[in-house]
Amino acid sequence: NVKNIKYLSSMVDISFKDRYVYVDVGARSYGSSIGSWFRKQYPKQNKTFHVYAIEADKTFHQEYGTKKGVTLLPYAAWVRNESLVFEINRDPGEKEKEKEKEKVKGKGRGMGRIQPLKSSGGFDGGEVEKIPGFDFADWLKNTVSENDFVVMKMDVEGTEFDLIPRLFETGAICLVDEIFLECHYNRWQRCCPGQRSPKYEKTYDQCLQLFTSLRQSGVLVHQWF
């Protein structure tokens with residue numbers, strides 16, 4: 001399947017661009033996607049990409065200090081600048097596995113949702129941390145230009161339904177050449193037959209609508225898993 005992916009940079013010439021940028025929104029550890037996928041597999045046409053890793057969970061911050069060509073933004077991508085709460089999720093049936101996984105740095109932490117402080121009552125009892133959120137669309141407009149080649153991966157645990165509309169609203173979506181987007185929906189749980197995950201409210205149909213809206217607007221988007 002990896003060999004069948006048609007990347008934008010494998011189909012068109014990008015040599016005329018001023019800068020080459022990879023923005024990983026929800027980066028987690030360096031090896032999660034930057035080291036294991038983007039730097040190894042994405043076709044770069046011999047260009048050097050500067051990487052921005054956006055990751056709110058402080059568990060993963062330290063290792064980025066030794067990575068060249070990577071700028072860490074230790075915040076949560078959001079629709080405005082404000083304090084948020086970040087939930088470290090634990091899926092049903094995972095508690096025993098967590099004990100073993102905690103032996104490996106960061107592996108025991110479930111990916112978390114974010115919410116504004118005032119609405120944080122919607123969380124269901126997981127570990128919660130207070131984090132700074134920033135206006136991602138505004139940051140993007142102040143960081144890159146239309147003359148740059150910008151690739152983005154977004155895996156933000158449901159916040160894509162807030163961030164993508166904001167990118168359209170501000171026009172920042174026009175700055176992104178190619179997006180790899182994971183869409184989170186109320187899927188069935190492996191651990192609990194007959195039950196849907198309470199972690200996300202959106203349906204898979206709404207995810208498909210999100211991808212369709214991007215493609216109809218001329219955005220090259222891939223479904224990230």
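**Rings, cores and buried residues**

Q: Which residues are linked into a cluster by ring pairs?
A: The cluster held together by ring pairs consists of Tyr7, Tyr20, Tyr22, Trp37, Phe38, Tyr42, Phe49, Phe149, Phe180 and Trp224. This is a predicted model, in which local features need pLDDT of at least 70 and side-chain atom pairs count only at pLDDT 80 or more, while totals for chains, interfaces and linings use all residues. Residues are numbered from 1 along each chain as its sequence is written, and side-chain values use heavy atoms, with hydrogens and water left out.

Q: Why can the pair of Tyr7 and Tyr42 be said to tie together separate parts of the chain?
A: Tyr7 lies in the segment before strand E1 (20-25), whereas Tyr42 is in the loop between helix H1 (34-41) and strand E2 (50-54), so the pair connects parts that are 35 residues apart in sequence. Helices (H or I, at least four residues) and strands (E, at least two) are DSSP runs numbered from the N terminus.

Q: Why is the pair of Tyr42 and Phe49 called edge-to-face?
A: The ring centres of Tyr42 and Phe49 are 6.2 Å apart and the planes stand at 75 degrees, so this pair is edge-to-face.

Q: How do you know whether Tyr42 and Phe49 are buried or exposed?
A: Buried means under 20% relative accessible area, exposed over 50%, and partly exposed in between (1.4 Å probe, protein chains only). Tyr42 has 2% relative accessibility and therefore counts as buried, and Phe49, with a relative accessible area of 6%, is buried as well.

Q: What makes a set of residues a nonpolar core, and which members of the largest one touch the most others?
A: Such a core is a set of buried Ala, Val, Leu, Ile, Met, Phe, Trp, Tyr and Cys residues joined through side-chain atoms within 4.5 Å. The largest core has 42 residues, of which Val23, Phe136, Leu140 and Met154 touch the most other members. A second, separate core has 20 residues, among them Trp37, Phe38, Tyr42 and Ala53.

Q: Why are the buried residues of helix H3 placed on the same side?
A: In H3 (residues 136-143), the buried residues are Phe136, Ala137, Trp139, Leu140 and Thr143. They cover an arc of only 160 degrees around the axis, which puts them on the same side of H3; the arc is that of the directions from the helix axis to the C-beta atoms.

Q: How do you know that Ile34 is buried, and which residues does Ile34 contact?
A: The relative accessible area of Ile34 is 0%, so Ile34 is buried, and its place is in helix H1. Contact means heavy atoms within 4.5 Å; with neighbours within four places in sequence left aside, Ile34 is in contact with Tyr22, Asp24, Ala27, Arg39, Val51, Ala53 and Tyr64. The C-alpha atoms of Ile34 and Val51 are separated by 8.2 Å, although these residues are 17 apart along the chain.

Q: Why do Arg28 and Gln45 receive their accessibility labels?
A: Arg28, in the loop between E1 and H1, has a relative accessible area of 15% and is therefore buried. Gln45, in the loop between H1 and E2, has 28% relative accessibility and so counts as partly exposed. Phi is near 55 degrees for Arg28 and near 50 degrees for Gln45. Most residues other than glycine have a negative phi.

Definitions and conventions. Rings of Phe, Tyr and Trp (its six-membered ring) pair if their centres lie within 6.5 Å; planes under 30 degrees apart count as stacked, over 60 as edge-to-face and the rest as tilted.
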